[in-house]
Amino acid sequence: MKFGNPEENNISNILDLQNIGIKKYMDTKITIIRTFWGNTKRALNEIFPMPIFPNEVVYVWGLENQQMLQQRGFNTVLMGKECTESEYSTIHLQYYHKLQAIQRAETEHSEFIFLDWDCYLAKPLDDHFYQQLQKGNDVQVPLYAYHDSEGIGIVDIMTHSAQERYNNEAPPELLAYIASHEAQLRKYSWKFENMLVTPNFSFFYTRNPNVGEELIKIATENNILNCIEEHAFYLFANCTVDEYIAKFEPRVTYGTHNDTRMHMERKGYDLSNDPVIKINKYIDMKVNKNIYFKHI
């Protein structure tokens with residue numbers, strides 16, 4: 001889901017790990033790209049106070065956003081003077097910004113990794129990291145999963161800060177989003193062991209020069225909403241879960257790391273049937289992973 005509370009992450013410890021990566025590996029062999037659009041407090045809270053990698057580029061919308069990022073030391077590519085593309089400024093369409101950034105990046109870089117801001121470095125990148133990516137498919141995106149139940153995503157949305165913000169009662173606009181999210185997810189996911197399994201675009205590796213353009217074409221032709229880039233990639237993959245794991249699943253990260261769920265157990269959430277842990281366990285039975293990035 002696209003919701004969370006970045007304030008619950010231990011940012012100081014995370015940044016310590018990032019600095020280890022910077023000091024040990026100044027010449028990152030693959031360009032890292034990120035995106036930033038909008039002006040919400042939640043989005044701003046996710047932005048690091050400094051770049052993590054020397055060849056990290058942020059594709060940004062908004063002159064003020066660009067100035068803020070440059071003041072923090074980021075290299076930027078300005079995608080538009082306004083903080084969003086007008087046609088993609090709704091909650092249902094905002095993730096077209098990701099695909100636009102990827103489409104632009106593939107005209108400027110022959111190989112790159114796209115990272116969400118809540119996808120953190122777990123350990124310094126080394127030769128094994130690059131070898132794992134480069135011997136795999138030319139496009140790689142990890143999987144994650146939801147319970148196959150009514151109101152998919154409500155557990156994730158109505159936890160943490162959202163509970164305080166809405167006093168445990170979701171407003172009509174959020175309920176409408178959840179209904180739309182569920183309808184789209186059911187359409188663009190694999191039904192698998194009482195779960196709905198889908199790509200997770202927190203991490204995206206490519207050396208395919210046309211994949212961004214193709215994903216935008218898929219998304220627009222199918223009128224995809226909400227998790228646009230993930231649903232488009234589901235159609236792009238056009239295969240079974242097992243075929244996806246063999247071909248597209250990166251060996252260096254999970255869609256969502258198990259650690260993300262542990263705080264929920266402390267609050268009484270039963271992890272024994274948790275879809276994230278279940279899909280990660282299934283993936284581990286199929287491929288060997290060595291984790292360099294953790295998506296929180």
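These legends describe a series of close-up views of one predicted protein model.

**Notes for all views.** Residue numbers start from 1 along each chain as its sequence is written, and side-chain values use heavy atoms, without hydrogens or water. Because the model is predicted, local features need pLDDT of at least 70 and side-chain atom pairs count only at pLDDT 80 or more, whereas totals for chains, interfaces and linings use all residues.

View 1. Helices (H or I, at least four residues) and strands (E, at least two) are DSSP runs, numbered from the N terminus. Of the 296 residues, 56% count as buried. Buried means under 20% relative accessible area, exposed means over 50%, and partly exposed lies in between, with a 1.4 Å probe and protein chains only. Among contacts (heavy atoms within 4.5 Å) between residues at least 6 apart in sequence, 76% join residues at least 24 apart.

**View 2. Three strands form an open antiparallel sheet in the order β7-β9-β8.** Two strands pair if DSSP finds at least two bridges between them. The edge strands are β7 (143-147) and β8 (190-192), each pairing on one side only. From one strand to the next, the twist averages 35°. Five bridges join β7 to β9 in the antiparallel sense. Within that pairing, A145 has V197 of β9 as its bridge partner. β8 and β9 (residues 195-199) are also antiparallel, with three bridges. Here F192 stands opposite M195 of β9. Four of the five residues of β7 are buried, so β7 is largely enclosed by the rest of the structure.

View 3. Axes are lines fitted to C-alpha atoms, for helices over the stretch in contact, and angles run from 0 to 180 degrees between N-to-C directions.

**View 4. The largest nonpolar core has 47 residues.** A nonpolar core is a set of buried Ala, Val, Leu, Ile, Met, Phe, Trp, Tyr and Cys residues joined through side-chain atoms within 4.5 Å. Y59, V197, F204, L215, F233 and Y244 touch the most other members. Helix α10 gives the most to this core, with six residues. Leaving aside neighbours within four places in sequence, Y59 is in contact with residues including I33, F36, V77, M79 and A101. Its partners also include R34, R104 and E108.

**View 5. F293 sits in strand β11 and belongs to another core, of 28 residues, apart from the largest one.** Other members of this core include F48, F74 and Y130. F293 counts as buried, at 1% relative accessibility. Beyond four places in sequence, the contacts of F293 include F53, L115, C119, F129, F203 and V252. F293 and Y254 are 39 residues apart in sequence and 7.9 Å apart in space, C-alpha to C-alpha.

**View 6. Helix α5 (residues 127-134) has its buried residues at F129, Y130, Q132 and L133.** They cover an arc of only 160° around the axis, which puts them on the same side of α5. The arc is that of the directions from the helix axis to the C-beta atoms. These buried residues pack against β4 (112-115), β6 (139-140), β10 (203-206) and β11 (293-295). D126 caps the N-terminal end of α5, with a side-chain oxygen 3.2 Å from the backbone nitrogen of H128.

**View 7. Helix α9 (residues 211-221) buries V211, G212, L215, I216, I218 and A219.** They cover an arc of only 160° around the axis, which puts them on the same side of α9. The buried residues of α9 pack against α4 (96-105), β6, β10 and α10. After α9 comes N223, with a positive phi near 50°.

**View 8. H97 lies in helix α4.** H97 is buried, at a relative accessible area of 0%. The side chain of H97 reaches the backbone nitrogen of E85 at 3.0 Å. This is a polar contact: a pair of N or O atoms within 3.5 Å, where within protein one must be able to donate a hydrogen and the other to accept it, and residues adjacent in sequence count only if both atoms are side-chain atoms. Not counting residues up to four places away in sequence, H97 touches T35, W37, W61, T84, E85 and Y88.
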